[in-house]
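Please take a moment with the sequence and the structure shown here, and then follow the text from one part of the chain to the next.

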Amino acid sequence: MKKQIKLLAGMSVLVAFSSCTRNAITGRSQLNLVPESEVQSMAFSQYKEFLSTNKVISPASNRDAEMVKHVGNRLISAITNYYTEKGMSNELSGYNWEINLVNDKQVNAWCMPGGKIVVYSGLLAYTRNEDALAIVMGHEITHALAKHGNERMSQGLLQQMGGVALSVATANKPAETQSLFQTAYGVGTNVGIMLPFSRKNEFEADKFGLMFAALAGYNPREAIPFWKRMADAGSGNKPPEFLSTHPSDEARIERLQAMMDETVKNYYHPSGKTMSKNWY
């Protein structure tokens with residue numbers, strides 16, 4: 001029995017080692033058991049289901065939704081240009097960007113693999129302006145581009161199913177695989193909550209999200225007051241859902257302040273294309 005356990009452990013280590021890839025944007029080696037095309041396929045299915053069960057606010061008749069789409073499109077343009085300039089356009093293969101504001105009091109936002117972005121209306125009371133919203137959306141988009149959800153799902157496959165291929169896991173244990181995906185990405189979950197991102201994931205999302213917002217012409221300095229507002233909100237008895245997966249603390253704010261001058265100097269070129277500075 002002990003030999004079998006050691007053998008399984010050894011196989012898991014071998015699978016993990018052989019499945020590590022270097023992420024194009026972060027340069028970090030990460031566990032990647034799931035092909036991006038398969039993750040995107042699952043994401044599109046989950047995204048479609050989410051939209052069918054939530055109230056999407058039309059930008060044609062709502063100014064907040066119009067602003068969310070406006071900010072998202074500027075970020076997408078900046079990201080596409082950045083990847084093109086770096087010779088990494090192939091990394092955006094399969095991305096079919098969509099941006100939606102949903103009518104929900106939760107303070108939350110996310111971006112799925114393949115560029116499916118959702119902002120919850122409850123978040124807008126905390127962002128308060130386009131610059132802060134761009135910080136949040138850039139942060140969430142970075143999680144997708146850096147394949148953080150894929151990394152977490154791969155860890156789940158390794159821990160719970162011995163590192164089997166996603167296709168095998170889906171065929172043999174569809175319910176468990178669905179649950180793994182929902183736990184990793186946290187979209188439309190009724191079976192649990194989203195796993196917190198690691199500190200390393202959060203650092204990468206902060207760093208590149210700040211850069212993308214600056215490249216899109218938004219003031220990265222707005223990250224500091226935004227996260228301070230979130231920290232204040234998290235000090236109550238019922239903190240926003242956003243904070244369960246995106247910890248707001250002094251260390252984060254200090255880290256953002258430390259990278260602020262360099263980000264402003266190297267990437268921030270105001271475009272003056274904001275629709276309105278303040279919403280509330």
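Predicted model: local features only at pLDDT ≥ 70, side-chain atom pairs only at ≥ 80, totals over all residues.

Strand 4, which runs over residues 98-102, is mostly covered, since four of its five residues are buried.

On one side, strand 4 pairs with strand 3, made of residues 56-57, in the antiparallel sense and over two bridges. Within this pairing, Leu 101 of strand 4 is the bridge partner of Ile 57, while Val 56 stands opposite Val 102 of strand 4. Strand 4 also pairs with strand 6, residues 116-120, and here the sense is parallel and the pairing extends over five bridges. Leu 101 takes part in this pairing too, with Val 119 as its bridge partner in strand 6. In general, the strands of a sheet pair through backbone hydrogen bonds, in either a parallel or an antiparallel way.

Taken together, four strands form an open sheet in the order 3-4-6-5, and the pairing within this sheet is mixed. Strand 3 and strand 5, the latter covering 109-112, stand at the edges with a single partner strand each, and therefore one side of each is left without a neighbour in the sheet. Helix 2, residues 36-52, packs on the sheet and touches strand 3, strand 4, strand 5 and strand 6, with a direction that makes about 35 degrees with that of strand 6. Helix 5, residues 130-145, packs on the sheet as well, touching strand 4, strand 5 and strand 6, and its direction makes about 35 degrees with that of strand 5.

The protein chain holds twelve helices and six strands, and 50% of its 280 residues count as buried. Among the contacts that join residues at least 6 apart in sequence, 72% are between residues at least 24 apart. The accessible surface of the chain comes to about 13700 Å², and 52% of that surface belongs to carbon and sulfur atoms.

Another part to look at is helix 9, residues 199-215, which has 17 residues and reaches 24 Å from its first C-alpha to its last, close to the 24 Å expected at 1.5 Å a residue. Twelve of the 17 residues of helix 9 are buried, so this helix is largely enclosed by the rest of the structure. The buried residues of helix 9 include Phe 208, Leu 210, Met 211 and Phe 212, and among them are also Glu 202, Glu 204 and Asp 206. Helix 9 is followed by Gly 217, whose phi is positive, near 90 degrees.

Which residues are linked with Asp 206 in a network of salt bridges? The network consists of Glu 202, Asp 206, Arg 252 and Arg 255. Asp 206 is buried, with a relative accessible area of 4%, and forms a salt bridge with Arg 252 in which the closest N and O atoms are 2.6 Å apart. Because Arg 252 lies in helix 12, residues 250-267, and Asp 206 in helix 9, this pair ties together parts that are 46 residues apart in sequence. Arg 252 is buried, as Asp 206 is. The side chain of Asp 206 also meets that of Arg 255 in a salt bridge, at 2.6 Å from N to O. Since Arg 255 lies in helix 12 and Asp 206 in helix 9, this second pair ties together parts that are 49 residues apart in sequence. Arg 255, at 24% relative accessibility, counts as partly exposed.

A search of the whole structure finds seven salt bridges. One of them is made by the side chains of Glu 91 and Lys 147, which meet at 3.9 Å from N to O. This pair links distant parts of the chain, 56 residues apart, with Glu 91 in the loop between helix 3 (63-85) and strand 4, and Lys 147 in the loop between helix 5 and helix 6 (148-161). Glu 91 is partly exposed, and its relative accessible area is 30%.

A last stop is Gly 234, which is found in helix 10, residues 223-234. Gly 234 is partly exposed, with a relative accessible area of 28%. Although Gly 234 and Asp 249 are 15 residues apart along the chain, their C-alpha atoms are separated by 9.3 Å.

Definitions and conventions:
Residues numbered from 1 in each chain as written. Heavy atoms only, no water. Buried < 20%, exposed > 50% of the residue type's maximum accessible area, 1.4 Å probe, protein only. Contact = heavy atoms within 4.5 Å. Areas by Shrake-Rupley, 256 points an atom, 1.4 Å probe, with all protein chains shown as cover. Pairing = 2+ DSSP bridges. Axes fitted to C-alpha atoms, helices over the stretch in contact; angles between N-to-C directions. Expected span 1.5 Å × (residues − 1). Salt bridge = Lys/Arg side-chain N within 4 Å of Asp/Glu carboxyl O.
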